[in-house]
Amino acid sequence: MTVLPLIFTSGWASGINAYAVVMLLGLLGRFGGADSVPPVLERTDVLIAAIVLFLCEAVADKIPYVDSVWDAVHTVIRPIAGAVVAALLASQHPGSLGQLAAGAIGGTTALASHLVKASVRMAVNTSPEPFSNIVISLLEDLAVAGLVTLAIFHPWVAASIAAVLLAAGLLVVWFAFSRIRRFLANRRERRARRMRQTPLLGS
């Protein structure tokens with residue numbers, strides 16, 4: 001059986017929440033009997049680190065503007081994590097897919113889904129209320145948990161869903177950028193208006 005669908009799904013999920021992917025794969029391998037999970041992800045120290053970092057992200061990801069800063073920091077981390085996880089998965093299936101090719105697929109997919117996530121969050125942060133951030137973050141966590149778990153048992157089904165979500169996300173980004181541009185233009189206009197009014201107030 002080819003490991004490609006599992007690699008693609010884990011790459012997509014890593015772009016959303018890399019720590020959740022490592023944590024879930026490790027737990028499924030250690031306690032769920034998933035043979036496709038590399039033993040290194042099942043190690044206690046790896047699981048503890050993944051759980052701690054996942055909890056940090058679970059908090060930061062739900063706070064407006066903090067989530068965008070967190071995403072900016074993880075622009076490098078998530079693709080690297082996606083590539084490493086993909087290479088490790090390929091090592092569990094010798095002859096199915098080379099580790100270098102697997103790493104490239106996992107890293108590229110993770111970068112694409114990360115850019116979608118970060119762009120959508122920037123658009124959401126143009127809204128003054130914080131509840132949309134919380135709702136979207138919870139939906140992302142549920143999607144990652146559901147697809148990573150599904151990928152272990154039904155990899156092609158999970159990969160198909162991940163592909164649809166990625167394509168839909170790329171379409172959403174087009175609309176998100178227009179909203180971000182309007183937000184920045186309005187902010188520049190308000191700032192310019194305040195600067196024009198300041199001399200009048202001081203005279």
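The largest nonpolar core has 36 residues. Ile7, Trp12, Val21, Leu25, Val144, Val148 and Ile152 have the most contacts inside this core. A nonpolar core is a set of buried Ala, Val, Leu, Ile, Met, Phe, Trp, Tyr and Cys residues joined through side-chain atoms within 4.5 Å. Buried means under 20% relative accessible area, exposed over 50%, and partly exposed in between (1.4 Å probe, protein chains only). The elements that give two or more residues to the core are α1 (4-31), α2 (44-60), α3, α4, α5 (131-153) and α6 (155-202). With 13 residues, α1 gives the most.

The model is predicted: local features need pLDDT of at least 70, side-chain atom pairs count only at pLDDT 80 or more, and totals for chains, interfaces and linings use all residues. Residues are numbered from 1 along each chain as its sequence is written, and side-chain values use heavy atoms, with hydrogens and water left out.

The protein chain has 6 helices and 0 strands. Its elements run α-α-α-α-α-α from the N terminus on. Helices (H or I, at least four residues) and strands (E, at least two) are DSSP runs, numbered from the N terminus. The C-alpha trace spans about 75 × 30 × 25 Å along its principal axes. Of the 203 residues in the chain, 43% are buried. Among contacts with a separation of 6 or more, 73% join residues 24 or more positions apart. Contact means heavy atoms within 4.5 Å.

Serine 10 is placed in helix α1. Its relative accessibility is 3%, so serine 10 counts as buried. With a relative accessible area of 15%, leucine 28 is buried. Leucine 88 stands 60 residues from leucine 28 along the chain, and the C-alpha atoms of the two are separated by 15 Å.

Helix packing was examined for two pairs. Axes are lines fitted to C-alpha atoms, for helices over the stretch in contact, and angles run from 0 to 180 degrees between N-to-C directions. Angles under 35 degrees count as roughly parallel, over 145 as roughly antiparallel, 65 to 115 as roughly perpendicular and the rest as oblique.

Helix α3 (residues 66-91) and helix α4 (residues 99-124) pack at an angle of about 155 degrees, with their axes 7 Å apart. Helix α3 is therefore roughly antiparallel to α4. The contact of α3 with α4 comprises 10 nonpolar, 10 polar and 5 charged residues. Here Ala, Val, Leu, Ile, Met, Phe, Trp, Tyr, Cys and Pro count as nonpolar, Asp, Glu, Lys and Arg as charged, and the others, Gly among them, as polar.

The axes of α2 and α3 cross at roughly 140 degrees and come within 9 Å. Helix α2 is therefore oblique to α3. On the α2 side, Cys56, Glu57 and Ala60 make the contact. Helix α3 contributes Val66, Asp67, Trp70, His74 and Arg78. These residues divide into 4 nonpolar, 1 polar and 3 charged.
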